[in-house]
Amino acid sequence: MSDASAILAASDVRFAYRAGVEVLRGVHLAAAKGKFICLLGPNGSGKTTFLKLLLGVLSPASGRIELEAKPLEQYSARALAKKLAYVPQTPTSALNFPVRELVLMGRYAHTGAMGLPSETDLQVARLAMEMTESTDVADRTLEELSGGQAQCAMIARALAQQPGVCLLDEPTSHLDIRNQLKIYRMMRRLARDWGMAVVCVSHDINLAARFADELMLMKRGAVIAAGGPAEVIQKNLLRETYDVEIELIPTSDGPPIVRAH
Amino acid sequence: MATATAVVGLACSLWGRVGVPLDEGVFASQIWQLRVVRLAAAALVGAGLAGAGLALQGLLRNPLAEPYILGLSSGAGVGVLLGPSMGATLHLAAWATTPALAMLGALVTAAVVYGIARRRGRLDPYVLLLAGVIVNVFNGAMIMTLLQFTRQEEIFWFVSWGMGRIPEWLWHRPMLLGLCGGMILVGWIALFLRSTAMNMLSLGDDVASTSGVSVQRLRVETFVLVALMTSAAVALAGPIGFVGLIVPHVCRLLLGPDHRRLTIVAGFGGAMFLMLADTLCRLMGAWFQLGEIPVGVITALAGGPFFIVLLRRRAREGLG
């Protein structure tokens, strides 16, 4: 992973919510265009905190986060939104907006505070809904949708920002296996076909290993391992990270299946 | 919407114990002119309170937020009562000091309530309401204390003002009416310009800020605008409660969650609501020979139960 090709790069990032209790202890990341990266690790390992730093919602105590070689804090909210988008864990609020309106909200940074959506805005929103297979539910409100459809609509909203980087926080945590597959395929397509850098916090090692280009294992605010699935999906690394016995079951067409004991 | 408001206003102006000569010179009659000024004040106050309530509910993502409940109205009230004494010492005209001090009181209260309820960047909805209750009690005590130092002949005016009523004497205070009206209209327009950002805020702070909204700035701006509108309303008519709760809720039920539409409709809705409520007070007072019932009493009688229903429903759904 060389920093030069990275659109989003973090180097030696440290962070503490309270003085003396470091949540992140020198984390590195280089997310290149066209790559799908999954952040893995046990609860409390600092994955979500790290994601919030990458979003610019929190600021690092030390270390640097750069987007297109420019420090994150130098971006205005609007300028940042044109380059980076975020999909939260569960769509908990704004349940009463129709999907079409929700997706158009993704155009805020492009349209301006009061501006009516232009032809381009509508076109981009339409494409985002097609990509996420949300077109059929465009007139329904989030409240009326299943968990899978709602998550697709939230991803469509993020895509409408036309970002170079898309960050997702456990996007499949409440979904059935069919929808989990759908979302992971979608994230891979966003990287491969749309050329985005996709960074996803995940709890599903097997899906992550199968679909992501790179994995990053975190524990107690530090990176245990980072690299391609073949390098990271290893017994000793996973045991060290999760403190459980690990069995790797080989498969014919991809990385081995991880089973915890 | 504007037309409907005008029609309601006109109807209310023609309705009263003393009939207006319909055949000729309606608009020239003194009674009609008095009523129109009073209705204009009611419309402004109603629009201001409904707009402020809507903005607070959107900003705090709490359907129970309202200027009266959160203590902003009583904070502005302390400012208004400080007005006469301060104005005398500073040699400023009353029409300017009253709204300015009300604004100061509302802003300080907003900052205190916000500060109490804020935990790690999040606002606990229950703590927010409790903070409002406590600050209301504190402001009430301040008002009582101020009344102790008030001259006997002014006490009646203060007490009657404290119940929340649209005064008749605004006819003689065009500067006050103009300034407060201006404050409310400016606040309303500024809130409308922020209504798209307010929609984004309903997606959560993190999504809003990564979608291009400066959340912190929006918060501060909205609190200032809410304080501006509330203090203007309180300076005109005293603390009138629950308009900012009832009107936005009914609008949201009818129109959905889009703040662009809601800001406009809630403003006009608040104007119509308070014009009708005030006319009702005027008529009831006349029918029962009670003198005039303060409009604040009516809105509180209607709003109290409304608040309880909302609170119970929200408790059932589980506070997020």
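Two residues are in contact if their C-beta atoms, placed from the backbone, lie within 7 Å. The views below show a predicted model, in which local features need pLDDT of at least 70 and side-chain atom pairs count only at pLDDT 80 or more, while totals for chains, interfaces and linings use all residues. Residues are numbered from 1 along each chain as its sequence is written, and chains are lettered from A and ligands numbered from 1 in the order in which they are written.

**View 1. Helices on the sheet of chain A.** Helix α1 (residues 47–55) of chain A lies across β3, β6, β7 (165–169), β8 (197–201) and β9 of chain A, and runs at about 150 degrees to β7(A). Helix α10 (residues 235–242) of chain A also packs on the sheet, where it touches β9 and β10 of chain A, and its direction makes about 155 degrees with that of β10(A). Axes are lines fitted to C-alpha atoms, for helices over the stretch in contact, and angles run from 0 to 180 degrees between N-to-C directions. Helices (H or I, at least four residues) and strands (E, at least two) are DSSP runs, numbered from the N terminus.

**View 2. Strand order in the open sheet of chain A.** The 6 strands follow the order β6-β7-β8-β3-β9-β10 (chain A), with mixed pairing. Strands β6 (84–87) and β10 (222–227) of chain A are the edge strands, each pairing on one side only. On average, neighbouring strands of this sheet are turned by 15 degrees against each other, direction ignored. Two strands pair if DSSP finds at least two bridges between them.

**View 3. Strand β6(A) and its partner.** β6(A) and β7(A) pair in the parallel sense over 4 bridges, and A:Tyr86 has A:Leu167 in β7(A) as its bridge partner. A:Leu84 and A:Tyr86 point one way from β6(A), A:Ala85 and A:Val87 point the other way, and all are buried. A residue is buried if 20 or more other C-beta atoms lie within 10 Å of its own, exposed if 12 or fewer, and partly exposed in between, with C-beta atoms placed from the backbone.

**View 4. The two pairings of β9(A).** Strand β3 (residues 36–40) of chain A and strand β9 (residues 214–219) of chain A pair in the parallel sense over 4 bridges, with A:Leu39 opposite A:Met216 in β9(A). β9(A) and β10(A) pair in the antiparallel sense over 5 bridges, and A:Met218 stands opposite A:Val223 in β10(A). The hairpin of β9(A) and β10(A) has 2 residues between the strands, and A:Arg220 there takes a positive phi near 45 degrees.

**View 5. The largest nonpolar core and helix α2(B).** A nonpolar core is a set of buried Ala, Val, Leu, Ile, Met, Phe, Trp, Tyr and Cys residues joined through C-beta atoms within 7 Å. Among the 173 residues of the largest one, A:Val198 and B:Val45 touch the most other members. Helix α2 (residues 30–60) of chain B gives this core its largest share, 16 residues. Of the 31 residues of α2(B), 24 are buried. At 1.5 Å a residue, the 31 residues of α2(B) should span 45 Å, which agrees with the 45 Å between its end C-alpha atoms; the expected span is 1.5 Å times one less than the number of residues.

**View 6. The contact of chain B with chain A.** The contact takes 20 residues from chain B and 22 residues from chain A. On the side of chain B that touches chain A, α8 (195–201) and α9 (205–210) of chain B each supply at least two residues.
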